[in-house]
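Hi,

Here is the structure I said I'd pass on. Have a look, and my notes on its salt bridges follow below.

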Amino acid sequence: MNIFNPTDIDNDVLDKKNMKNSRVTNNNGDLSFGTIPRLNDNFPKGEIHLKLGDSGFYSHNHHEPKGAFGLRHIWDKHGDELNSQNAEDVVKFIESVLQVGAEVIIDPKKSPNKPLIVESNTGMVVVDLKEPQNEEPFYNIITAYDKKAHPGNVMGNLEL
């Protein structure tokens, strides 16, 4: 697994499609951006991670974007609204949202099992649960934006 610090990420790194599952550290050099507590049987306790990601593609069959996630997606699709000039700015925004006590919610209209949304006074981060073999479950950051509220049920609060 490749690991990048935000200051090492530029367009050349982001353009490498074979690197999309590489992990990105927070600005302190840690892989974890926080911990979602055990919420119920469907949601175990797990750290929040950011991957380099992908901008995704538009699915004409489903009439919506598909496959977008991580730093690349956030920078491409939400960078302007977040005033992000570089990868480090995106990470700073994510860190500002993922504070201890931020609310973790589920939108049951979309699915009772996802997406999980962490919201704070700064904005919102959407994550999904990953349970890879030979690795502890973790929550992968799909996107982040400056919207400060989303309908749903509060399931818990972010931990360290």
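By salt bridge I mean a side-chain nitrogen of Lys or Arg within 4 Å of a carboxyl oxygen of Asp or Glu. Counted that way, the structure holds 7 of them.

Bear in mind that this is a predicted model, so local features need pLDDT of at least 70 and side-chain atom pairs count only at pLDDT 80 or more, while totals for chains, interfaces and linings use all residues. Residues are numbered from 1 along each chain as its sequence is written, and side-chain values use heavy atoms, with hydrogens and water left out.

Start with Arg72, which pairs with Asp15 at 3.0 Å between the closest N and O atoms. That links distant parts of the chain, 57 residues apart: Arg72 is in helix H2 (residues 70-78), and Asp15 is in the loop between helix H1 (11-14) and strand E2 (23-24). (Helices, H or I with at least four residues, and strands, E with at least two, are DSSP runs numbered from the N terminus.)

Arg72 also bridges to Asp76, at 2.8 Å from N to O. These two are 4 residues apart in helix H2, so about one helical turn separates them.

Buried or exposed, what is Arg72? It counts as buried, at 12% relative accessibility, whereas Asp76 is partly exposed at 36%. The cut-offs are under 20% relative accessible area for buried, over 50% for exposed and partly exposed in between (1.4 Å probe, protein chains only).

Cheers
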